Amino acid sequence: MAVPVEDPNKEAFLERVRGALGRSTPIMVTPDHPTLKTTLPRHEEKVRTTKARTEARRPQNVARLETIATAAAWHVHRAADAEVAANIVAEIAATIHAKAIVRTAEDIFKRVDIDATLRKRGVSPTVLASGRARRKSDLKDIAFKADLGVSGVEYAIAETGSCALFQRKGNARITTLAPPVLALIVEESQVLETLDDFFAIVRFQFLTNRGRVPNYYNFISGPSRTADIEQTLTIGVHGPGEVHMILVADA
């Protein structure tokens with residue numbers, strides 16, 4: 001009878017993964033992962049627990065997000081309110097001498113009025129949305145000529161230092177992909193603790209909306225990085241080479 005041999009590299013590999021996630025010990029309790037076939041009340045309970053824990057740990061989650069994002073080459077800014085957040089965007093634009101700025105058409109910009117702040121400094125952002133005066137096919141050309149893209153997010157995940165964006169009306173994903181510099185505005189209430197929290201919420205939305213959910217999720221975890229076969233790392237080839245995360249305190 002063959003005796004299974006423990007892979008000596010397994011523990012070293014898991015140790016590196018734990019270190020990257022900021023953990024020092026193995027997980028001793030199996031995480032709560034209800035399957036899609038689980039009853040809807042069970043998923044609802046999972047989401048309710050997730051949101052309660054997220055709210056209770058908000059300061060710790062925001063601090064952890066800032067730490068991990070900074071380590072991943074984000075430029076992280078703290079804003080006490082919406083006005084400060086708009087001024088930070090304007091400062092970023094001034095620093096890179098941006099002459100063309102694009103933004104999404106999300107509700108966040110009703111609270112963080114970057115348009116008025118930027119106009120005071122002599123530049124007016126273009127909203128990337130098709131309409132009577134602009135065809136959808138025109139957006140690509142406008143985005144690639146921009147110096148700075150500004151967008152909101154759906155969630156930010158503390159454990160990975162990532163921002164999650166959904167594909168939906170008003171959120172032109174090319175805003176976050178084409179310009180060389182990107183600024184994302186994150187409200188503290190949008191910060192989740194783990195990726196599991198994110199997928200628990202998305203899974204519940206899928207079940208309660210009869211499968212009508214965004215068909216595209218974009219996770220941004222820092223500036224675009226590309227490595228060739230010799231593992232020579234290049235920044236900014238397939239996306240922004242400079243990324244800013246503006247954390248806005250809740251009103």
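The model is predicted, so local features are given only where pLDDT is at least 70 and side-chain atom pairs only at pLDDT 80 or more, whereas totals for chains, interfaces and linings use all residues. Residues are numbered from 1 along each chain as its sequence is written, and side-chain values use heavy atoms, with hydrogens and water left out.

I begin with the charged pairs. Side chains of opposite charge can pair when their charged atoms come close. A salt bridge here is a side-chain nitrogen of Lys or Arg within 4 Å of a carboxyl oxygen of Asp or Glu. By that rule the model has 12 salt bridges.

One of them joins Asp 197 to Arg 53, with the closest N and O atoms 2.7 Å apart. Asp 197 belongs to helix 8 (residues 195–208) and Arg 53 to helix 2 (residues 40–56), so this pair ties together parts that are 144 residues apart in sequence. Helices are DSSP runs of H or I with at least four residues, strands are E runs of at least two, and both are numbered from the N terminus. As for accessibility, buried means under 20% relative accessible area, exposed means over 50%, and partly exposed lies in between, with a 1.4 Å probe and protein chains only. Asp 197 is buried at 0%, while Arg 53 is partly exposed at 22%. Both residues also belong to a network of salt bridges that links Arg 53, Arg 57, Glu 193 and Asp 197.

A further salt bridge connects Glu 187 and Arg 111, whose closest N and O atoms are 3.0 Å apart. This pair links distant parts of the chain, since Glu 187 sits in strand 7 (residues 181–187) and Arg 111 in helix 5 (residues 108–111), 76 residues apart. Glu 187 is buried, with a relative accessible area of 17%, and Arg 111 is partly exposed at 45%. Glu 55 and Arg 58 form another salt bridge, at 2.5 Å from N to O; Glu 55 is partly exposed at 45%.

Which residues of helix 2 are buried? They are His 43, Lys 46, Val 47, Thr 50 and Thr 54. These residues cover an arc of only 95° around the axis, taken from the directions from the helix axis to the C-beta atoms, which puts them on the same side of helix 2. An α-helix has 3.6 residues a turn, so residues three or four places apart point the same way. On the other side of helix 2, Pro 41, Arg 48 and Ala 56 are exposed. The buried residues pack against helix 3 (58–71), strand 8 and helix 8, where a contact means heavy atoms within 4.5 Å.

Just after helix 8, Arg 210 takes a positive phi of about 55°.

The last topic is the strands. Two strands pair if DSSP finds at least two bridges between them. Strand 4 (residues 148–152) has 5 of its 5 residues buried, so it is largely enclosed by the rest of the structure. Leu 148, Val 150 and Gly 152 point one way from strand 4, and Gly 149 and Ser 151 the other way. Strand 4 pairs in the parallel sense with strand 2 (residues 101–103) over 3 bridges, and Val 102 stands opposite Gly 149. Strand 4 also pairs in the parallel sense with strand 7 over 5 bridges, with Leu 148 and Val 181 as bridge partners. Ser 151 is buried at 0% and touches residues including Thr 104, Phe 109, Asn 171 and Ile 185.

Finally, an open sheet of 4 strands has the order 8-5-6-9, with mixed pairing. Strand 8 and strand 9 stand at the edges with a single partner strand each, so one side of each is left without a neighbour in the sheet. Within this sheet, strand 5 and strand 8 pair in the parallel sense over 2 bridges, and Ala 156 stands opposite Val 191.
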